[in-house]
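Hi everyone, thanks for coming. Let's take a look at today's structure together, and I'll walk you through a few parts of it.

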Amino acid sequence: MSRRLTAKEFLERFDDALSNGYIFAYYQPQYNHATGRMTGAEALMRWQDPVDGLQYPSDFIPVLEENDILYRADIQMARIACKFQRYCMDNGIPTVPISFNMSRNDIYKHDYVEEVERIRQEYEVPVRLIRVELTETSAIGGMELVSSVIKKFHDYGYVVEMDDFGSGYSSLNILKDLDVDVIKLDLKFINGDIGGRGGIILRSIVQMTKWLRTPIIAEGVETIEQAEFMKSIGSNYVQGYLYSKPVPEKEFMEKLIATQHEATAASLKLVDTFDAEKFWDPESLETLIFNQFVGGAAIFFYKRGEMELIRVNHKYVTEIGMNISEKDFIDKNPWKYFDPQSRTIYEQTITRAIESGEEERCDTWRVLNSKCCGEDRVCIRTFMRVIGRAEDQYIIYALVHNVTKEKMNYEEVAESERRFRHASEHANIYAWEYDIATREMRPCFRCIRDLGLPPLLKDYPEPAISMGIFPPDYADMYREWHRRLEEGEPFLEAVIPLTRERVPFIVRYTTEFDENGNPIKAYGSATYIEERVVE
Ligand code: C2E
Ligand code: CA
Ligand code: CA
């Protein structure tokens, strides 16, 4: 049984604890949630009192800090971590980078960085295997000092992590000013509440890191939902009870041996040469997106007409026909390229995706402007699906495919049809357009004028039958035609006596198909035959 020591006892027993190894490390592994592999670990201080048992940092760290001796324990932790890495390397045990914690107290010690570096060299641990965590609160009242400490670590080649990001203290501003390589985002600061205020904080953090291109490790991940959510917004690295509690050295070593861990070179590379393309995490989003569709992909936020691109991959930009970087693309207003009609179609599709929870698709035209080529129009087919939600804000991923070429062909067909219809205004021809999916019919101007039709008829051909344009004895045949159109009949023709006067017309349908061979529209026409009267 443990008994929590008093502040006085901590202080009295500190020297003894430090020199006898009662202060030591537990290790909490970090994982890539997309692969399940271990990517690193954090060394967490523990104090095993020989009489009163295991003591926790939340109790003794404030006491040590207040008395300006935390510094000594922190240095000890750096030493323990280096010693551990040395042991692993000497015994053929796989290694992952280990982070140790730096406190405010350390920043004011002028030789802290040098001391850590001396220890690292003493144990001959490669710099990539040791990382340092500092909290945003350590910057309070001394931004310049913290910056200079970070710089010193960088000069030696250390990866510096911003701990407890999102704990409240002007986090976003601090990020701009401090040159950290990794952000540790503790989900406890958003109460694991992805749907509420937490989602909003997460959103701002993701926005911020989007600008800064800084990878995130999510801490305090306790549920699979939290891990999945982080993954869905492109942040795969997790540390928390879901995978493992902090464990004693021996147990951690067993995990290292047992777990197939990720090549540290790869994870370091992610940190070292971080650019927009790599920010698009190959692992998670590949599984999410590229398995289903090879091409351009984007993730954006959508909230009542507001759309904000979070990430696009390189193919997305090129697919749309642009020659700019992903970052430049993201920085632009995404609606910039849409005309009002396309925007409406796009937003309707988003609404459908939100309602259905399924993948929805639309084709929209975008207008591109470039200095060299002037104005150009491209047609983009978008497949979209909602992958996350925070209050009334949705996170949507979109896959894009440039279908301008195919569309041009349709446009040409449609255009010639339009011309034809225009010409028919001068002849004895009535024309209409029948939308196969919606069963809507749009009549030509002559139909509207001569037959008194509205510009749009729903549930076609029923209205034409009930109005008597198609007489009762031809009603079933005409209905049958529309069923056949739906099944992909390319062409229909018959002589039909129209209206109550039974005036003979040659009625024709020509069907338009999409590139998959599915019927989209049928163009109808009725041509007057003067010389025959059909009984
Ligand atoms: P921290 O640096 O943010 O460390 C993470 C804390 O979250 C650890 O608590 C860890 O046990 C806990 N944790 C990890 N996963 C989960 C989870 O899924 N759910 C919950 N609820 N908690 C989780 P711990 O070990 O008690 O350490 C508390 C704090 O004490 C640390 O927070 C750090 O600020 C400080 N600390 C620990 N070791 C050191 C050290 O060597 N030096 C300094 N200066 N501070 C240290
Ligand atoms: Ca920490
Ligand atoms: Ca933390």
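How many helices and strands are there in the protein? There are 20 helices and 20 strands. Helices here are DSSP runs of H or I with at least four residues, strands are runs of E with at least two, and both are numbered from the N terminus.

A word on where this comes from: this is a predicted model, where local features need pLDDT of at least 70, side-chain atom pairs count only at pLDDT 80 or more, and totals for chains, interfaces and linings use all residues. Residues are numbered from 1 along each chain as its sequence is written, chains are lettered from A and ligands numbered from 1 in the order in which they are written, and side-chain values use heavy atoms, with hydrogens and water left out.

Now the overall picture. Of the 535 residues in the protein, 52% are buried. Buried means under 20% relative accessible area, exposed means over 50%, and partly exposed is in between, using a 1.4 Å probe and protein chains only. If we take contacts between residues at least 6 apart in sequence, 59% of them join residues at least 24 apart. Contact means heavy atoms within 4.5 Å.

Let's move to the metals. Which residues are the protein donors of the calcium ion (ligand 2)? They are Glu42 (OE), Asn101 (OD1), Glu133 (OE) and Asp163 (OD), at 2.1 to 2.3 Å from the ion. Donors are N, O and S atoms within 2.8 Å of the metal, or 3.2 Å for Na, K and Ca; water is not among the atoms, so sites may look incomplete. Along the chain, the donors of ligand 2 have the spacing E-x58-N-x31-E-x29-D. Distant parts of the chain are linked here: asparagine 101 sits in strand β4 (residues 98-102) and aspartate 163 in strand β6 (residues 159-165), 62 residues apart.

Aspartate 163 bridges the two calcium ions, ligand 2 and ligand 3, which lie 3.9 Å apart.

Are these aspartates buried or partly exposed? Aspartate 163 counts as buried, because its relative accessibility is 5%. Aspartate 164 is partly exposed at 22%, and asparagine 101 is partly exposed with a relative accessible area of 22%.

Next, some helix packing. Two packed helices are described by the angle between their axes and the distance between the axes. Helix α3 (residues 70-90) and helix α5 (residues 112-123) have axes that come within 9 Å and cross at roughly 25 degrees. The two are therefore roughly parallel to each other; angles under 35 degrees count as roughly parallel. Among the residues making the contact are Tyr71, Ile75 and Arg86 of α3, and Tyr112, Val116 and Tyr123 of α5.

Helix α5 also meets helix α6 (residues 143-156): their axes come within 9 Å and cross at roughly 25 degrees. So α5 and α6 are roughly parallel to each other. This contact includes Tyr112 and Val116 of α5, and Phe153 and Tyr156 of α6.

Finally, tyrosine 241. This residue lies in the loop between β9 (237-239) and β10 (247-248) and is partly exposed, with a relative accessible area of 46%. Tyrosine 241 touches Gln28, Val221, Glu222 and Pro246, leaving aside residues up to four places away in sequence.

Conventions. Axes fitted to C-alpha atoms, helices over the stretch in contact; angles between N-to-C directions. Parallel < 35°, antiparallel > 145°, perpendicular 65-115°, else oblique.
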